[in-house]
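Me: I am new to this structure. Can you show me how to read its features, one at a time?

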Amino acid sequence: MFDWINALPIYAWVKALHIVAVISWMAGMLYLPRLFVYHCEAEVGSRQSETFKIMERRLLKGIINPAMIVTWLAGLFLVWAGHWYLSGWFHVKFALVLAMSGIHGFLSRCVKDFAADRNQRPQKFYRIINEVPTVLMILIVIMVVVKPF
């Protein structure tokens, strides 16, 4: 009997894990600002506002944070194993991922502000912020697929 699991190299498995983690991270990063848009409409202290607080916290702690950690760990392994750290396209991708991590940190701060009923930003701000992860994600995918330099 052929043992197909042991026949595949670890690099392929880690790459698959990395892709799943990136998809999960990006899905959360695209959904969280949308929750903020709706949360802005809810009256402070209302049942709806409290529900949004729970949803935001669970999304951040249960999906976005773990997905980001797995993305980083698997990505760093792939860079090391594939010797990509010498490639120009990787440096651009790395800068974009750092920017995405910065947006992640900002959104984490927003979750804390909403949880404490300290949000000062309007819906329009979160509608605009909702587009930032999309643009970064598109640029990252271009760097991976095209590898222009």
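**Charges, helices and burial**

Reply: Start with charge. In this predicted model, the protein has 15 positive and 8 negative charges, and their mean positions lie 6 Å apart.

Me: Which residues gather in a patch of positive charge on the surface?

Reply: Arg57, Arg58, Lys61 and Lys112 do. Helix α3, residues 47–82, gives the largest share of this patch, with three residues.

Me: Is lysine 61 buried or exposed?

Reply: Over 50% relative accessible area means exposed. Lysine 61 has 55% relative accessibility, so it counts as exposed. Its place is in helix α3.

Me: And aspartate 113, is that buried or exposed?

Reply: Under 20% means buried. Aspartate 113 is at 13% relative accessibility, so it counts as buried. This residue lies in helix α4, residues 88–115.

Me: Which residues does aspartate 113 touch, leaving out those up to four places away in sequence?

Reply: Aspartate 113 touches Arg118, Asn119 and Arg121.

Me: Now the whole chain. How many helices and strands does the protein have?

Reply: Six helices and zero strands. The order from the N terminus is α-α-α-α-α-α. The C-alpha atoms fill a box of roughly 60 × 40 × 20 Å along the principal axes.

Me: What share of the residues is buried?

Reply: Of the 149 residues, 35% are buried. The accessible surface comes to about 9100 Å², and 70% of that belongs to carbon and sulfur atoms.

Me: How do I read contacts along the sequence?

Reply: Look at the separation. Among contacts with a separation of 6 or more, 77% join residues 24 or more positions apart.

Key. Residues numbered from 1 in each chain as written. Predicted model: local features only at pLDDT ≥ 70, side-chain atom pairs only at ≥ 80, totals over all residues. Heavy atoms only, no water. Patch = residues over 30% accessible without salt bridge, like charges linked within 9 Å, V, L, I, M, F, W, Y side chains within 5 Å. Areas by Shrake-Rupley, 256 points an atom, 1.4 Å probe, with all protein chains shown as cover. Salt bridge = Lys/Arg side-chain N within 4 Å of Asp/Glu carboxyl O. Lys, Arg positive; Asp, Glu negative; His and termini not counted. Charge placed at Lys NZ, Arg CZ, Asp CG, Glu CD. Helix = DSSP H or I, 4+ residues; strand = E, 2+ residues; numbered from the N terminus. Buried < 20%, exposed > 50% of the residue type's maximum accessible area, 1.4 Å probe, protein only. Contact = heavy atoms within 4.5 Å.
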